[in-house]
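Here is a quick tour for someone meeting this model for the first time. Have a look at the sequence and the 3D view, then read on.

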Amino acid sequence: MNNNLIAVYPGSFDPPTNGHIDIISRASVIFPKVIVAITHNQNKEHLFSLEERVEMMEQSTSSLKNVQIDSFSGLLVDYLDNIGSFVVVRGLRALSDFEYEFQMALMNRTLNRKIETVFLMPAQEYTFLSSSMVREIAVLNGDFKKLVPDAVYKKLKNNKRI
Ligand code: PNS
(Lines give C-alpha, C1' and ligand atoms only; values in the text may rest on other atoms or scores of the structure.)
Protein backbone atom coordinates (compact mmCIF):
# COMPACT_ATOMS: atom_id res chain seq x y z
CA MET A 1 0.00 0.00 0.00
CA ASN A 2 1.06 3.56 -0.69
CA ASN A 3 1.74 4.96 2.80
CA ASN A 4 1.21 8.50 1.54
CA LEU A 5 -2.26 7.75 0.21
CA ILE A 6 -4.77 10.37 1.30
CA ALA A 7 -8.47 9.63 1.13
CA VAL A 8 -10.82 12.60 1.06
CA TYR A 9 -14.31 12.36 2.52
CA PRO A 10 -16.13 15.44 1.17
CA GLY A 11 -19.52 16.67 2.23
CA SER A 12 -21.59 19.44 3.69
CA PHE A 13 -22.04 17.75 7.11
CA ASP A 14 -24.77 20.12 8.27
CA PRO A 15 -24.54 18.85 10.96
CA PRO A 16 -22.23 15.80 11.30
CA THR A 17 -24.21 12.70 12.33
CA ASN A 18 -23.19 9.38 13.88
CA GLY A 19 -23.53 7.94 10.36
CA HIS A 20 -20.80 10.29 9.10
CA ILE A 21 -18.54 9.41 12.03
CA ASP A 22 -19.12 5.70 11.32
CA ILE A 23 -17.96 6.18 7.71
CA ILE A 24 -14.93 8.24 8.84
CA SER A 25 -13.82 5.59 11.33
CA ARG A 26 -14.20 2.84 8.71
CA ALA A 27 -12.14 4.90 6.21
CA SER A 28 -9.49 5.57 8.87
CA VAL A 29 -8.92 1.81 9.21
CA ILE A 30 -8.45 1.36 5.46
CA PHE A 31 -6.44 4.46 4.50
CA PRO A 32 -3.23 5.82 6.10
CA LYS A 33 -4.70 9.33 6.15
CA VAL A 34 -8.25 10.62 5.83
CA ILE A 35 -9.16 14.25 5.24
CA VAL A 36 -12.76 15.22 5.91
CA ALA A 37 -13.26 18.10 3.49
CA ILE A 38 -16.23 20.30 4.34
CA THR A 39 -17.75 22.62 1.80
CA HIS A 40 -20.80 24.55 0.75
CA ASN A 41 -23.27 22.51 -1.28
CA GLN A 42 -24.70 24.84 -3.96
CA ASN A 43 -27.97 22.91 -3.86
CA LYS A 44 -28.57 23.24 -0.12
CA GLU A 45 -29.31 26.02 2.31
CA HIS A 46 -27.07 25.48 5.31
CA LEU A 47 -28.05 25.82 8.97
CA PHE A 48 -24.49 25.99 10.31
CA SER A 49 -21.64 28.10 8.96
CA LEU A 50 -18.61 26.40 7.46
CA GLU A 51 -16.58 27.32 10.59
CA GLU A 52 -19.22 25.79 12.88
CA ARG A 53 -19.34 22.58 10.84
CA VAL A 54 -15.54 22.32 10.86
CA GLU A 55 -15.48 22.83 14.63
CA MET A 56 -18.20 20.21 15.27
CA MET A 57 -16.40 17.73 13.02
CA GLU A 58 -13.05 18.36 14.76
CA GLN A 59 -14.62 17.77 18.17
CA SER A 60 -16.37 14.62 16.95
CA THR A 61 -13.29 12.96 15.40
CA SER A 62 -10.57 13.98 17.87
CA SER A 63 -9.92 10.35 18.88
CA LEU A 64 -9.10 9.31 15.30
CA LYS A 65 -5.44 10.18 14.94
CA ASN A 66 -5.08 9.79 11.15
CA VAL A 67 -8.12 11.97 10.46
CA GLN A 68 -7.79 15.65 9.64
CA ILE A 69 -10.56 18.19 9.08
CA ASP A 70 -10.35 20.79 6.34
CA SER A 71 -12.68 22.99 4.31
CA PHE A 72 -12.66 24.01 0.68
CA SER A 73 -14.54 26.08 -1.85
CA GLY A 74 -14.82 25.44 -5.57
CA LEU A 75 -14.60 22.09 -7.30
CA LEU A 76 -13.74 18.93 -5.39
CA VAL A 77 -11.43 17.78 -8.19
CA ASP A 78 -9.39 21.00 -7.82
CA TYR A 79 -9.18 20.51 -4.05
CA LEU A 80 -7.98 16.91 -4.57
CA ASP A 81 -5.37 18.12 -7.02
CA ASN A 82 -4.13 20.78 -4.57
CA ILE A 83 -3.59 18.29 -1.74
CA GLY A 84 -2.23 15.51 -3.97
CA SER A 85 -5.07 13.01 -3.60
CA PHE A 86 -7.14 11.04 -6.10
CA VAL A 87 -9.37 9.03 -3.72
CA VAL A 88 -12.85 10.17 -2.71
CA VAL A 89 -14.77 8.35 0.02
CA ARG A 90 -18.55 8.55 0.14
CA GLY A 91 -21.09 6.72 2.28
CA LEU A 92 -23.82 4.73 0.58
CA ARG A 93 -26.84 4.16 2.79
CA ALA A 94 -29.48 2.78 0.49
CA LEU A 95 -30.50 2.42 -3.13
CA SER A 96 -31.96 5.94 -2.96
CA ASP A 97 -28.42 7.37 -2.58
CA PHE A 98 -27.13 5.50 -5.58
CA GLU A 99 -28.23 7.68 -8.48
CA TYR A 100 -26.87 10.92 -7.00
CA GLU A 101 -23.62 9.27 -5.91
CA PHE A 102 -23.16 7.51 -9.24
CA GLN A 103 -23.68 10.78 -11.10
CA MET A 104 -21.25 12.65 -8.83
CA ALA A 105 -18.56 9.95 -9.02
CA LEU A 106 -18.70 9.80 -12.80
CA MET A 107 -18.81 13.59 -13.16
CA ASN A 108 -15.71 13.89 -10.96
CA ARG A 109 -14.02 11.27 -13.11
CA THR A 110 -15.06 13.19 -16.24
CA LEU A 111 -13.43 16.31 -14.79
CA ASN A 112 -10.30 14.36 -13.84
CA ARG A 113 -9.95 10.78 -15.08
CA LYS A 114 -7.58 9.86 -12.23
CA ILE A 115 -10.24 10.30 -9.53
CA GLU A 116 -11.51 7.10 -7.89
CA THR A 117 -14.58 7.12 -5.63
CA VAL A 118 -14.79 4.46 -2.94
CA PHE A 119 -18.19 3.79 -1.35
CA LEU A 120 -18.44 2.58 2.21
CA MET A 121 -21.59 1.30 3.88
CA PRO A 122 -22.39 2.52 7.35
CA ALA A 123 -23.56 0.24 10.16
CA GLN A 124 -27.13 -0.87 9.53
CA GLU A 125 -28.48 1.30 12.35
CA TYR A 126 -27.38 4.43 10.45
CA THR A 127 -28.82 3.57 7.04
CA PHE A 128 -31.90 5.75 7.69
CA LEU A 129 -29.96 8.66 9.22
CA SER A 130 -29.40 12.00 7.47
CA SER A 131 -28.41 15.53 8.51
CA SER A 132 -31.70 16.89 7.18
CA MET A 133 -33.70 14.49 9.38
CA VAL A 134 -31.63 15.43 12.42
CA ARG A 135 -32.30 19.12 11.73
CA GLU A 136 -36.03 18.45 11.35
CA ILE A 137 -36.23 16.46 14.60
CA ALA A 138 -34.30 19.22 16.41
CA VAL A 139 -36.61 21.94 15.04
CA LEU A 140 -39.67 19.94 16.12
CA ASN A 141 -38.22 19.34 19.61
CA GLY A 142 -37.78 15.59 19.21
CA ASP A 143 -35.07 13.49 20.84
CA PHE A 144 -32.03 13.24 18.57
CA LYS A 145 -29.37 12.54 21.23
CA LYS A 146 -28.61 9.03 19.93
CA LEU A 147 -28.22 10.23 16.34
CA VAL A 148 -25.32 12.68 16.63
CA PRO A 149 -21.98 13.05 18.46
CA ASP A 150 -22.14 14.84 21.86
CA ALA A 151 -20.56 18.04 20.52
CA VAL A 152 -23.20 18.26 17.79
CA TYR A 153 -26.00 17.54 20.25
CA LYS A 154 -24.91 20.45 22.46
CA LYS A 155 -24.52 22.79 19.50
CA LEU A 156 -27.98 21.94 18.10
CA LYS A 157 -29.65 22.21 21.51
CA ASN A 158 -28.18 25.70 22.01
CA ASN A 159 -28.91 26.88 18.48
CA LYS A 160 -31.03 30.01 18.57
CA ARG A 161 -31.86 29.63 14.86
CA ILE A 162 -34.02 26.54 15.50
O1 PNS B 1 -22.89 16.00 1.90
P2 PNS B 1 -23.31 16.39 0.53
O3 PNS B 1 -24.00 17.75 0.56
O4 PNS B 1 -24.13 15.35 -0.18
O5 PNS B 1 -21.96 16.55 -0.33
C6 PNS B 1 -21.96 16.92 -1.68
C7 PNS B 1 -20.59 17.51 -2.05
C8 PNS B 1 -20.28 18.68 -1.18
C9 PNS B 1 -19.54 16.43 -1.89
C10 PNS B 1 -20.64 17.93 -3.56
O11 PNS B 1 -21.71 18.82 -3.74
C12 PNS B 1 -19.32 18.56 -4.01
O13 PNS B 1 -18.38 17.86 -4.28
N14 PNS B 1 -19.29 19.91 -4.06
C15 PNS B 1 -18.12 20.65 -4.47
C16 PNS B 1 -18.33 21.28 -5.86
C17 PNS B 1 -18.13 20.25 -6.94
O18 PNS B 1 -17.06 19.69 -7.12
N19 PNS B 1 -19.23 19.98 -7.69
C20 PNS B 1 -19.26 18.99 -8.72
C21 PNS B 1 -19.55 17.63 -8.11
S22 PNS B 1 -19.93 16.48 -9.36
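What follows covers the ligand and its surroundings, then a few loops.

## Before you start

Keep in mind that this is a predicted model, where local features need pLDDT of at least 70, side-chain atom pairs count only at pLDDT 80 or more, and totals for chains, interfaces and linings use all residues. Residues are numbered from 1 along each chain as its sequence is written, and side-chain values use heavy atoms, with hydrogens and water left out.

## Where the ligand sits

Let's begin with the ligand, which sits in the largest pocket. A pocket here is an open set of points on a 1 Å grid over the protein atoms alone, where a 1.4 Å probe fits and there is protein on both sides within 12 Å along at least five of seven lines. To sit in one, a molecule needs more than half of its atoms within 2 Å of the pocket's grid points.

There are 14 residues around the ligand, and Ser12, Asn41, Lys44, Leu76 and Arg90 come nearest. A residue counts as near if one of its heavy atoms lies within 4 Å of the molecule. By class, this shell has six nonpolar, six polar and two charged residues. For that sorting, Ala, Val, Leu, Ile, Met, Phe, Trp, Tyr, Cys and Pro are nonpolar, Asp, Glu, Lys and Arg are charged, and the others, Gly among them, are polar.

Strand 1 (6-11) and helix 4 (95-111) each supply at least two shell residues, with helix 4 giving the largest share, four residues. Helices (H or I, at least four residues) and strands (E, at least two) are DSSP runs, numbered from the N terminus.

## What the ligand touches

On the side-chain side, an N or O atom of Asn41 is 2.8 Å from a ligand oxygen, and one of Lys44 is 2.7 Å from a ligand oxygen. Leu76 takes part through its backbone, with an N or O atom 2.8 Å from an oxygen of the ligand. Taken alone, the ligand exposes 540 Å², and the protein buries 82% of that. Those areas come from the Shrake-Rupley method with a 1.4 Å probe.

Phe13, in the loop between strand 1 and helix 1, has a positive phi of about 45° although it is not a glycine. Its relative accessible area is 3%, so Phe13 is buried; buried means under 20%, exposed over 50%, and partly exposed in between (1.4 Å probe, protein chains only).

Asp14 is in the loop between strand 1 and helix 1 (18-30), and it is buried because its relative accessible area is 2%. A polar atom of its side chain lies 2.6 Å from the backbone nitrogen of Leu47, and the Asp14 side chain also reaches the backbone nitrogen of Phe48 at 3.0 Å. The peptide bond from Asp14 to Pro15 is cis, with omega near 0°.

Thr39 lies between strand 2 (33-38) and helix 2 (50-60). At 12% relative accessibility, Thr39 is buried, and a polar atom of its side chain is 2.7 Å from the backbone oxygen of Phe72.

Thr127, in the loop between strand 5 (116-120) and helix 5 (131-139), is partly exposed at 32%. Asn141 is in the loop between helix 5 and helix 6 (150-157). With a relative accessible area of 68%, Asn141 is exposed, and it has a positive phi of about 65° although it is not a glycine.

Notes: A polar contact is a pair of N or O atoms within 3.5 Å; within protein, one must be able to donate a hydrogen and the other to accept it, and residues adjacent in sequence count only if both atoms are side-chain atoms. On a 1 Å grid over the protein atoms alone, a cavity is a set of points where a 1.4 Å probe fits but cannot get out, and a pocket is an open set with protein on both sides within 12 Å along at least five of seven lines; lining residues have an atom within 4 Å of a point.
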